[in-house]
Amino acid sequence: MIEAVFLDIDGVLTDGAVYVDAAGHEIKRISFEDIDAVFELKRAGIKIGFITGEANGFCRYVRERFAPDFFLEGCKDKLGAFKLLMRKAGLDESKVCYVGDSKKDVELLRYVASSFVPADVDPGVKDSAKFVLKAGRGKGVIKEVAGHVLKPRAQRRKPPRAT
Ligand SMILES: [Mg+2]
């Protein structure tokens with residue numbers, strides 16, 4: 001049973017694109033269903049972590065918006081940072097999952113027993129994950145992952161059938 005969900009930001013929480021307005025400001029897009037899914041996971045007692053190579057204003061927004069249990073930004077070595085965090089936080093590696101979308105995630109996707117990629121990633125990245133989702137980047141990825149993570153819990157809560 002999964003106890004913590006780790007997420008990349010660009011291409012997982014967002015669609016991986018940068019939108020630029022007329023004044024030259026960069027904007028990113030997150031779907032509401034993914035925002036809801038993060039909070040649904042939190043309400044179910046699942047810990048949330050973000051692991052990103054970026055360190056910018058958008059990262060700050062994500063950190064404040066979701067108040068995740070773990071937040072690793074500016075990670076050039078995601079696998080190394082992940083292993084260190086597992087040790088420091090005393091988490092069981094077999095009970096966490098990771099969702100990533102790019103070459104920078106390949107090592108970690110391979111390492112984690114339960115790893116997911118969106119449907120629209122490069123073949124090399126796809127091959128490194130245990131599960132390929134139906135959702136494309138930024139289009140319900142976290143919602144779909146939440147479904148996988150929460151399903152075994154919902155089944156366990158069902159009362160035993162009367163005989
Ligand atoms: Mg990414």
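Tutor: One term is needed at the start: a crossover is right-handed if, with the strands pointing away from the viewer, the path from the first strand over the helix to the second runs clockwise. Keep in mind that this is a predicted model.

Student: Which handedness does the β-α-β unit of β6, helix α5 and β7 have?
Tutor: Strand β6 covers residues 96-99 and strand β7 residues 114-117, and three bridges join them in parallel. One of the facing pairs is Tyr98 with Ser115 of β7. Helix α5, residues 106-111, belongs to the unit with these two strands, and the unit is right-handed.

Student: Which helix makes a β-α-β unit with β7 and β8?
Tutor: Strand β8, residues 131-132, runs parallel to β7 and is joined to it by two bridges. Phe116 has its bridge partner in β8, namely Phe131. The unit formed with β7 and β8 is right-handed, and its helix, residues 123-128, is α6.

Student: What is the order of the strands in the open sheet?
Tutor: On one side of β6, strand β1 (residues 4-7) pairs with β6 in the parallel sense over four bridges. The open sheet has six strands with parallel pairing, in the order β5-β4-β1-β6-β7-β8.

Student: Which are the edge strands?
Tutor: The order of the open sheet is β5-β4-β1-β6-β7-β8. An edge strand pairs on one side only, and this holds for β5 (70-72) and β8.

Student: Which residues stand opposite Cys97 in the strands on its two sides?
Tutor: Cys97 belongs to β6, where Cys97 and Val99 point one way and Val96 and Tyr98 the other, all of them buried. In regular strands, side chains alternate between the two faces of the sheet. The residue opposite Cys97 in one direction is Val5, and its bridge partner in β7 is Ser114.

Student: Which residues touch the most other members of the largest nonpolar core?
Tutor: Nonpolar side chains tend to be buried together in soluble globular proteins. Beyond four places in sequence, Cys97 is in contact with Ile2, Val5, Phe6, Val112, Ser114, Ser115, Phe116 and Val149. The largest nonpolar core has 36 residues, and those touching the most other members are Val5, Leu7 and Cys97.

Student: Which element gives this core its largest share?
Tutor: The elements that each supply at least two residues of the core are β1, α1 (9-13), α2 (32-43), β4 (47-51), β6, α5, β7 and α7 (141-157). The largest share is five residues, and it comes from α7.

Student: At about what angle does helix α4 run to β5?
Tutor: Helix α4 spans residues 78-89 and lies across β4 and β5. The angle is taken between N-to-C directions, on a range from 0 to 180 degrees. For α4 and β5 the angle is about 150°.

Student: What is the radius of gyration of the protein?
Tutor: The protein has seven helices and eight strands. For 163 residues the globule rule gives 15 Å, and the value for this protein is close to that, so the protein is as compact as a globular protein of that length. Its radius of gyration is 16 Å.

Student: What percentage of the residues count as buried?
Tutor: A residue needs 20 or more other C-beta atoms within 10 Å of its own to count as buried. Of the 163 residues of the protein, the buried share is 33%.

Note on methods
Residues numbered from 1 in each chain as written. Predicted model: local features only at pLDDT ≥ 70, side-chain atom pairs only at ≥ 80, totals over all residues. Pairing = 2+ DSSP bridges. Buried ≥ 20, exposed ≤ 12 C-beta atoms within 10 Å, placed from the backbone. Core = buried A, V, L, I, M, F, W, Y, C linked by C-beta atoms within 7 Å. Contact = placed C-beta atoms within 7 Å. Rg over C-alpha atoms; globule rule 2.2 N^0.38 Å.
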